[in-house]
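This briefing looks at strand pairing, nonpolar cores and a few individual residues in one structure. Please keep the sequence and the coordinates at hand while reading the points that follow.

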Amino acid sequence: QWQLVESGGGSVQPGGSLGLSCVVSGFSLDSYVVGWFRQTPGKEREGVSAIGNLGISTNYADSVKGRFTIARDDAKNAVYLQMNSQKPKDTDIYFCAYHYKNNSFDTGLAARNYDDWGQGTQVPVSE
């Protein structure tokens, strides 16, 4: 049975850094685009970043460019999101998911193109 588990969330002050992990079990991630998304309850899920097969291509939302970095380690079946220079508006629940289409090159951030979400990890950014 597959499972995506996000971890690494926690309180951080503005300007601080935090690293999130997404570890997958039950199937191999290596042929899938994987994305990070965030959501405030009651609002639409927002794409944050995505990474293609072998990490060759990445994509970032304008709101996080230059501050967040996505990476993957297929040997560990994991994808990471390093978040630097955090802002209060980064406060959200962060989720990872994999693209619905195997061997896709689409690193777009439309949530509708991603399947099988984890439970999320909370990242509150405040003084």
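In this predicted model, strand E2, covering residues 18-25, is joined to strand E7, residues 78-83, by six bridges, and the two run antiparallel. Strand E7 also pairs with strand E6, residues 68-73, again in the antiparallel sense and over six bridges.

**Strand pairing around E7**

- Leu 81 in E7 is the bridge partner of Leu 20, and Ile 70 also stands opposite Leu 81.
- E6 and E7 form a hairpin in which four residues lie between the two strands, and the turn contains Asn 77.

**Nonpolar cores**

- The largest nonpolar core has 25 residues, and those that touch the most other members are Leu 20, Trp 36, Leu 81, Met 83, Tyr 94 and Val 123.
- At least two residues of this core are supplied by each of E2, E3 (34-39), E4 (46-51), E6, E7 and E8, with E2 giving the largest share, four residues.
- When residues up to four places away in sequence are not counted, Met 83 touches Gly 16, Ser 17, Leu 18, Leu 20, Arg 67, Phe 68, Tyr 94 and Val 123.

**Asparagines with positive phi**

- Asn 77, which lies in the loop between E6 and E7, has a positive phi near 55 degrees although it is a residue other than glycine.
- Asn 77 counts as buried because its relative accessible area is 13%, which is under the 20% cut-off.
- Asn 103, in the loop between strand E8 (92-99) and strand E9 (114-115), likewise is not a glycine and has a positive phi, of about 60 degrees.
- Asn 103 has a relative accessible area of 47% and is therefore partly exposed, since this value falls between the limits of 20% and 50%.

- Trp 2 is placed in the segment before strand E1 (3-7), and its relative accessibility of 36% is why it counts as partly exposed.
- Although Trp 2 and Asp 116 are 114 residues apart along the chain, their C-alpha atoms are separated by 8.9 Å.
- Apart from neighbours within four places in sequence, Trp 2 is in contact with Ser 25, Gly 26, Phe 27, Asp 116 and Trp 117.

Technical notes. Residues are numbered from 1 along each chain as its sequence is written. This is a predicted model: local features need pLDDT of at least 70, side-chain atom pairs count only at pLDDT 80 or more; totals for chains, interfaces and linings use all residues. Side-chain values use heavy atoms; hydrogens and water are left out. Two strands pair if DSSP finds at least two bridges between them. Buried means under 20% relative accessible area, exposed over 50%, partly exposed in between (1.4 Å probe, protein chains only). Contact means heavy atoms within 4.5 Å. A nonpolar core is a set of buried Ala, Val, Leu, Ile, Met, Phe, Trp, Tyr and Cys residues joined through side-chain atoms within 4.5 Å.
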